[in-house]
Amino acid sequence: MNQIDPAATAWLLTSTALVLLMTPGLAIFYGGMVRNTGVLNMIMMSFIAIPLVTVSWLLVGYSLAFSGSGADGLIGDLTHVGMLGIGPDTVHGSVPELLFATFQLSFAIITAALVSGAIADRAKFAAWVVFVPVWACL
């Protein structure tokens, strides 16, 4: 059985926090890129990525990315759907699996927020709210 490495766990916690801090910075950066009429929409698009990606990641995203291989290893199966079977005592490598899932989630969030820069001033907020969870799972 794998043991939890305190140093690796501390570094992963620090890295997760730093990546999550990138999202508000990106929102402000993209807000400065657009016309005055689109600033609020651009900032909201970055911030709404946080809860939308979090819900889709915890429900199916983590399971599709990191569970057993289905479809010849291209995509995972749904053994961890809804974080089923993952608790405070499960370990992924030398860190708690919940922390590992949160670390990967932080990158999924910033990636979705980065996509919003490609459609700055061109997309409606409602369309973005529908697009983000679908894109995060695919």
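This is a predicted model: local features need pLDDT of at least 70, side-chain atom pairs count only at pLDDT 80 or more; totals for chains, interfaces and linings use all residues.

User: Is phenylalanine 47 buried, partly exposed or exposed?

Analyst: Phenylalanine 47 has a relative accessibility of 37%, so it counts as partly exposed, since buried would require a value under 20% and exposed a value over 50%.

User: And what is phenylalanine 47 in contact with?

Analyst: If we leave aside the neighbours within four places in sequence, phenylalanine 47 is in contact with Pro24 and Ala27.

User: Which residues of α1 are buried?

Analyst: The buried residues of α1 are Thr9, Leu12, Ser15, Thr16, Val19, Thr23, Leu26, Ala27, Tyr30 and Gly31. The elements that cover them include α2 (39-66), β4 (95-96) and α3 (97-116).

User: What span should α1 have, and what is the distance between its ends?

Analyst: Helix α1 covers residues 6-33, and at 1.5 Å a residue its 28 residues should span 40 Å; the C-alpha atoms at its ends are 41 Å apart, which agrees with that expectation.

User: Okay, new topic: where is serine 106, and what does it touch?

Analyst: Serine 106 has its place in helix α3, and, not counting residues up to four places away in sequence, it touches Thr16, Val19 and Leu20. Its relative accessible area is 1%, so serine 106 is buried. Thr16 and Val19 are also among the buried residues of α1.

User: What about proline 96, buried or exposed?

Analyst: Proline 96, which lies in strand β4, has a relative accessibility of 17% and therefore counts as buried, given that the cut-off is under 20%. Leaving aside neighbours within four places in sequence, proline 96 is in contact with Ile4, Thr9, Thr90 and Val91.

User: How far is proline 96 from threonine 54?

Analyst: Proline 96 and threonine 54 are 18 Å apart in space, C-alpha to C-alpha, and 42 residues apart in sequence.

User: Now the helices: how do you describe two packed ones?

Analyst: Two packed helices are described by the angle between their axes and by the distance between those axes. For α2 and α3, the axes come within 8 Å and cross at roughly 135°, which means that α2 is oblique to α3. The crossing in which α2 passes α3 is right-handed.

User: Which residues meet there?

Analyst: From α2, the residues that meet α3 include Met42, Met45, Ala49, Trp57 and Phe66, and among those they meet in α3 are Glu97, Phe100, Leu105, Ile109 and Ser116. Sorted by type, the residues of the contact of α2 with α3 divide into 15 nonpolar, four polar and one charged.

User: And how do α2 and α4 cross?

Analyst: The axes of α2 and helix α4, which is made of residues 125-137, come within 8 Å and cross at roughly 30°. That makes α2 roughly parallel to α4, because angles under 35 degrees count as roughly parallel. The crossing of α2 and α4 is right-handed.

User: Which residues make that contact, and how do they divide by type?

Analyst: The contact includes Asn41, Met44, Ile48, Leu52 and Leu64 of α2, together with residues of α4 including Phe125, Trp128, Val132, Pro133 and Cys137. The residues of the contact of α2 with α4 divide into 15 nonpolar, two polar and no charged.

Conventions
Residues are numbered from 1 along each chain as its sequence is written. Side-chain values use heavy atoms; hydrogens and water are left out. Helices (H or I, at least four residues) and strands (E, at least two) are DSSP runs, numbered from the N terminus. The expected span of a helix is 1.5 Å times one less than its number of residues. Buried means under 20% relative accessible area, exposed over 50%, partly exposed in between (1.4 Å probe, protein chains only). Contact means heavy atoms within 4.5 Å. Axes are lines fitted to C-alpha atoms, for helices over the stretch in contact, and angles run from 0 to 180 degrees between N-to-C directions. Angles under 35 degrees count as roughly parallel, over 145 as roughly antiparallel, 65 to 115 as roughly perpendicular and the rest as oblique. A crossing is left-handed if the near helix is turned anticlockwise from the far one by less than a right angle, and right-handed if clockwise. Ala, Val, Leu, Ile, Met, Phe, Trp, Tyr, Cys and Pro count as nonpolar, Asp, Glu, Lys and Arg as charged, and the others, Gly among them, as polar.
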